[in-house]
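Trainee: I have a structure open and want to learn how to read it. Where do we begin?

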Amino acid sequence: MNGSFQLRMACFFRFIFVVCLSIAPAHAADFNRDGRINLYDLALLQKYWSQSELSVDLIQDRSVDGLDALMFCESARLATPAANSLTVGRAAGVYAVIEMDGEEFTTPELEIKIEDGASGGWSGMRSARRSFAAIPSPQHAAPRDRQGLLTDFKQNARQLESLAPNLAALRSYLQINQDEIQFGKQNDRMGTFNGWTFWLGWAGSFSENYTPEMESFAWVIHLAPEACYVSLQHVEAVYSNVDLFAGIGAFVGVAYSPDGDEVTRQYLGDLMPVSLSFDFKVMSAGVTFFRIGSNIETALQYDFGKSVNFAWLPIPTFLTVSIATKSEITNGFYPIIKWNITDEEIGEGNPIPAVIDELESLIDESGGDFLGNGSAQFARLMLPVIKTIQGPKAANWKGKPAASSFSYYFNEFIDSRIQGGNAGGTTIDDMRQKAKKWLGDGDDAPPPTELTTAIIRALPNLIDSYQTMNTIQAGTDMGFELGYKHGYDASGRDNVIYSDEIVSVTALLGVETALTVTAQEISDLLPGSNAAQFEGSTVIFDPFNPGANPVNRTIKNGKAEVRFTPAEKRAWLIGVQVPASNLTGNKTIELARRAVTVVSQEPVEAIISGVESVPPGEAASITASMVDGNGAVAGMPNRVRFYDGLDRLLGVAFPSLNGVASFVFAPEPSTPAIRRCVVTRVGYTEEDARDGYAVLGSGFSWDADVVVNGVSLSTRDDVLWGVITSKQILFQAPDGELYTKPFDIRVINPGGAENEPFTFTP
């Protein structure tokens, strides 16, 4: 495929429902369907209690008893809407209750579109769209608008367009030797785990001119039974946009080697990437297939990143496709850590738990020299990433696996080709076959909807991916620091002095932080020197962003420091260097690396986010978490309960390592129901408030139309009105005068669902 093409297609998220007890429409607790809720039903609840823990303990007293039955009775007694035969519409009023540190925090509401040809996409935290409220009743106030959870990277990325020349100048300090595995020497082969080879790392990609051509340089960590390796890779590709861009991103990949117990540099270098990436505003996410000739290999890579673009044609593109024209491993494989994961440890099973054990052992063995401390730091950074890849086991929903994480699909792919597996029968294999068919359809054929839909269903959770991406980058950087040191030791050179230490620095999101180097720190590495000698010396700090320039500081009054204000929650590895001079004995001094971890401030708000739309009958993924004042995920909830717009428990989820709880369910169109209407004051402020009405009920979509006496309020320029929540609508009295006679109210959601006839009598 060559040339450029603009692609924008209808895609959607589909994850499968994690089963938990769900309180369905009225009389959902009537398990034996005898038309009553009684002690027989309660006995069945006791059975469910033993199977699903707290999901039916409605009053949260850790027992299922008569009080829970009463709550079910009350739920059944409340007026509920008539059965909705429509398949499209809005799932209104979805929310979560987050339990943390003995308190409960309720999120704003989320609404999911259910429509044919749903475009997918990821919606940030959603709340009421209009800022007016009932005055002065505080319970009628609309939640304040706020931006989505994550920063729009396209507006805030720091001059990433300068990435290209720095990447092109990349060089390796490691010697090349094809003998046995030795530190500082290159290998052409490495072992596999029952045929599987794993990698993770980060890449910088860029296009230098307004042509559909791009380059990418990648720093890669390889996991093998005998060691961890690093390699440098270069890809040239054609892609589907016409713009200047530069971006960084992380990836996690896996391939099944045709050589069985080994994988060769030649084979991995021959893999030609075919990437499909989806822009979800907060970040991009996608997958990479790999082909050799016309064959799609047994391999897949998950990608997630961020970029800045300078478009020639200002056409937004949800989907970007790149197809490699050249792919090579420019350097590698170089071992950085030796370990020995034996066949006895993994048997015929999945090797990821054994890798986790080895990383934990490296942390336990930290100490000593630079390589020992660096290996432990590498393990600290990579361990949460590998645990994310391991992921939770899936439950079952309607006889199918229920996955709330990309890790399910990743592990399903691995398990399919170990003993007793179903080779070729996985979600990823299905995507591979669709990709193969697409590539065989011709150079100008855009990816079919069935392929893009399958990919989006199996993408990583975006909020978790945001944190994982930055952690992979820092861990990969530490791996390459180990590689450089091994290469230096193997070369026999003696022109660099290395500190054995790695200094941990904790920075607070949004708060200025200083990295400080003292003259005494330098002097301690040079016997016979004193701190005063280094007054006025230059200290070089690695750049804080890929593509940026190093930061030089001069030692004044015994110290040099660089200040920065973290704008995102992430991890950095910052190198600190003193150039060679007469004072240093003409040797470069590599001071203690600074391992910077940016942490959030105290959690202040509960938020919910999720997919924007799904087709009828498909599942949707939603997340909930606590955030600080900067919108970054903060704290670790104990658990999260998800509810629908009728306050029915959808299920319970537990947070990931990043503090985000994910839940998958099949949303259904909400039917508006009006319980009552009351007179109130409506306005933006007390001064401009007018007499009006509050319509109270459930199932109101943000996009609902409100019809009073047959006239849509959307046609009235003189009436201020709005859907405040799924349970409240406010509108001012037309012409400022309250109705004196009974009037009819209809609430019509998109898709046609509307309330039963309701008349308000003054």
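Predicted model: local features only at pLDDT ≥ 70, side-chain atom pairs only at ≥ 80, totals over all residues.

Mentor: Begin with the terms. Helices and strands are DSSP runs, numbered from the N terminus.

Trainee: Which loop holds asparagine 709, and what is its phi?

Mentor: Asparagine 709 sits in the loop between β37 (705-708) and β38 (711-712). Its phi is near 50 degrees, again positive in a residue other than glycine. With 41% relative accessibility, asparagine 709 counts as partly exposed.

Trainee: Let me step back to the whole chain. How many helices and strands does the protein chain have?

Mentor: There are 13 helices and 42 strands. The chain runs to 762 residues, and 55% of them are buried. Now look at contacts between residues at least 6 apart in sequence: 70% of these join residues at least 24 apart.

Trainee: Can you show me a contact of that kind? Take leucine 482.

Mentor: Leucine 482 belongs to helix α12 (residues 462-491). Set aside its neighbours within four places in sequence, and leucine 482 contacts Ile336, Ile337, Leu371, Gly374, Ser375 and Phe378. Phenylalanine 378 is 104 residues away along the chain, yet the two C-alpha atoms are separated by 8.9 Å.

Trainee: Why does leucine 482 count as buried?

Mentor: Buried means under 20% relative accessible area. Leucine 482 has 0% relative accessibility, so it counts as buried.

Trainee: Now a loop residue. Where is glutamate 512, and which residues does it touch?

Mentor: Glutamate 512 is in the loop between β20 (502-508) and β21 (513-518). Not counting residues up to four places away in sequence, it touches Arg563, Phe564 and Thr565. Glutamate 512 and phenylalanine 564 are 52 residues apart in sequence. In space, they are 5.5 Å apart, C-alpha to C-alpha.

Trainee: On to helices. What should I know before I look at how they pack?

Mentor: An α-helix has 3.6 residues a turn, so residues three or four places apart point the same way.

Trainee: How many residues of α9 are buried?

Mentor: Helix α9 is mostly covered, with 9 of its 10 residues buried. Among them are Phe406, Tyr408, Tyr409, Phe410 and Phe413. Asn411 and Glu412 are on the buried list too.

Trainee: How does α9 pack against α10, and at what angle?

Mentor: Helix α9 (residues 406-415) meets α10 at an angle of about 85 degrees, with the axes 7 Å apart. That angle makes α9 roughly perpendicular to α10. Tyr409, Phe410, Glu412 and Phe413 in α9 meet Thr427, Ile428, Asp429 and Arg432 in α10. By class, that contact has 4 nonpolar, 1 polar and 3 charged residues.

Trainee: And what is the angle between α10 and α11?

Mentor: About 150 degrees, with the axes 9 Å apart. Angles over 145 degrees count as roughly antiparallel, so α10 is roughly antiparallel to α11. The crossing of α10 past α11 is left-handed. On the α10 side, the contact is made by Met431, Lys434, Ala435 and Trp438. Glu450, Leu451, Ala454 and Ile455 come from α11. This contact has 6 nonpolar, no polar and 2 charged residues.

Trainee: Which other elements do the buried residues of α11 pack against?

Mentor: Besides α10 (427-439), they pack against β12 (272-279), β13 (284-292) and β16 (319-338). The buried residues of α11 (residues 449-457) are Leu451, Thr452, Thr453, Ala454, Ile455 and Ile456.

Trainee: Last topic: cysteines. How many disulfides are there?

Mentor: A disulfide is a covalent bond between the sulfur atoms of two cysteines. A search of the whole structure finds 0.

Trainee: Are cysteine 228 and cysteine 677 buried or exposed?

Mentor: Cysteine 228 counts as buried because its relative accessibility is 0%. Cysteine 677 is at 8%, so it counts as buried as well.

Conventions. Residues numbered from 1 in each chain as written. Heavy atoms only, no water. Buried < 20%, exposed > 50% of the residue type's maximum accessible area, 1.4 Å probe, protein only. Helix = DSSP H or I, 4+ residues; strand = E, 2+ residues; numbered from the N terminus. Contact = heavy atoms within 4.5 Å. Disulfide = S-S within 2.5 Å. Axes fitted to C-alpha atoms, helices over the stretch in contact; angles between N-to-C directions. Parallel < 35°, antiparallel > 145°, perpendicular 65-115°, else oblique. Left-handed = near helix turned anticlockwise from the far one by under 90°. Nonpolar A, V, L, I, M, F, W, Y, C, P; charged D, E, K, R; others polar.
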